[in-house]
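Dear colleague,

I am passing on to you the structure that we spoke about, with the sequence alongside. Please have a look at it first, and then read the notes that follow.

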Amino acid sequence: MRILFIIMTVFFCFFTSESIKANSESAPYERNYFSIGYTDINKALQKSENNFGRNIALPTQVPPIPFTLIIGRFSDSEGNENDELEIKFLHEDLSQNHYTIRSKPIEYGLEIKEEEIDRKTKLEDGNVAVFSNMIIGFDLLVFEKNGYQYILS
C-alpha cells in the first residue's frame, strides 16, 4: 500500500511542465549512472522534447521520501520506437527508495494485455491508469497524458 501511495503522489504532481534538478555533485555512486548516459534531468528533458517536438510534463515535487539522486536519460535509438525519456529517483543507501518514470509518445507505448492488468482506475482528467506487475519484481502504473504514455515503477 505504501508503494501505491508513493506512485500516486508522483502521479498527481504531473500537472505542470516544470522539472526537478539533479544533484550537481558527482560522487562515485552517481558517476556509475553518468557513465551509462544519465545526466541532469533538465538536459535529458530538453533532448527528449527536441526529439519528440513537444513538451513533456514532469512532476514539480517528489514523493515525501528521501532521495539522494534524481537523474534523467534520453534514449535515442535507431528509429523512434525505442526513444524514451527516463527519470530515476534513487537513494544511495535505501534500495526501496528507487522509482522510475518513463515517458514516450503514445504510438510507441508499452502494450499491456488484459490478462496482465491487475487493476484499472479512472483519473480526474478522464483517462484510465492501469496497475500491473507484468514485469516480475516491479509494480507499474501506466497512464496517458498529453500525447505521452507514462510508466511509473
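**Notes on the sheet, the core and the charged residues**

Strands β4 and β5 run antiparallel and are joined by 5 bridges. Please keep in mind, here and below, that this is a predicted model. Within this pair, Thr 121 has Ala 129 of β5 as its bridge partner. The two strands β4 and β5 make up a hairpin that has 5 residues between them, and in its turn Gly 126 takes a positive phi of about 95°. On the next pairing, β5 is joined to β6 by 3 bridges, and these two strands likewise run antiparallel; Ser 132 is found opposite Leu 140 of β6.

These pairs belong to a wider arrangement. The protein has 3 helices and 7 strands, and from the N terminus the elements follow one another as α-α-α-β-β-β-β-β-β-β. An open sheet is formed by 7 strands in the order β1-β2-β3-β7-β6-β5-β4, with antiparallel pairing. Its edge strands are β1 and β4 (117–122), each of which pairs on one side only, and neighbouring strands are turned against each other by 15° on average when direction is ignored. Helix α3 lies across β1, β2, β3 and β7, and runs at about 25° to β1. As for the contacts in the protein with a separation of 6 or more, 55% are between residues 24 or more positions apart.

Turning to the interior, 43% of the 153 residues of the protein count as buried. The largest nonpolar core has 24 residues, and those with the most contacts inside it are Ile 56, Leu 85, Ile 87, Phe 89, Phe 143 and Tyr 150. Two or more residues each are given to this core by α3 (41–52), β1 (69–75), β2 (84–90), β3 (99–105), β5 (128–132), β6 (140–145) and β7 (148–152), and among these elements α3 gives the most, with 4 residues. Another core, of 5 residues, lies apart from it and includes Tyr 33, Leu 69, Ile 71 and Leu 90.

The charged residues deserve a paragraph of their own. The structure holds 6 salt bridges. One of them brings together the side chains of Arg 73 and Glu 86, at 3.1 Å from N to O; because Arg 73 lies in strand β1 and Glu 86 in strand β2, this pair ties together parts that are 13 residues apart in sequence. Glu 86 counts as buried, with a relative accessibility of 2%, and its side chain also meets that of Arg 102 in a salt bridge, at 3.2 Å from N to O. This second pair links distant parts of the chain, with Arg 102 in strand β3 and Glu 86 in strand β2, 16 residues apart; Arg 102, at 30% relative accessibility, counts as partly exposed. Arg 73, Glu 84, Glu 86, Lys 88 and Arg 102 are linked in a network of salt bridges.

A further salt bridge is formed by Asp 125 and Lys 145, whose closest N and O atoms are 3.8 Å apart. Here too the pair links distant parts of the chain, since Asp 125 is in the loop between β4 and β5 and Lys 145 in strand β6, 20 residues apart. Asp 125 counts as partly exposed at 39% relative accessibility, whereas Lys 145 is buried, with a relative accessible area of 12%.

Which residue is buried yet has no salt bridge? That residue is Lys 104, which is found in strand β3. The nearest side chain of opposite charge is that of Glu 84, 4.3 Å away, while a salt bridge requires a side-chain nitrogen and a carboxyl oxygen within 4 Å. Leaving aside neighbours within four places in sequence, Lys 104 is in contact with Glu 81, Asn 82, Asp 83, Glu 84, Gly 109, Gly 147, Tyr 148 and Gln 149.

Lastly, Glu 114 is found in the loop between β3 and β4. Is this residue Glu 114 buried or exposed? Glu 114 is exposed, because its relative accessible area is 54% and the cut-off for exposed is over 50%. The C-alpha atoms of Glu 114 and Val 130 are separated by 10.0 Å, and the two residues are 16 residues apart along the chain.

With best regards

How values were computed. Residues numbered from 1 in each chain as written. Predicted model: local features only at pLDDT ≥ 70, side-chain atom pairs only at ≥ 80, totals over all residues. Heavy atoms only, no water. Core = buried A, V, L, I, M, F, W, Y, C linked by side-chain atoms within 4.5 Å. Buried < 20%, exposed > 50% of the residue type's maximum accessible area, 1.4 Å probe, protein only. Lys, Arg positive; Asp, Glu negative; His and termini not counted. Contact = heavy atoms within 4.5 Å. Pairing = 2+ DSSP bridges. Axes fitted to C-alpha atoms, helices over the stretch in contact; angles between N-to-C directions.
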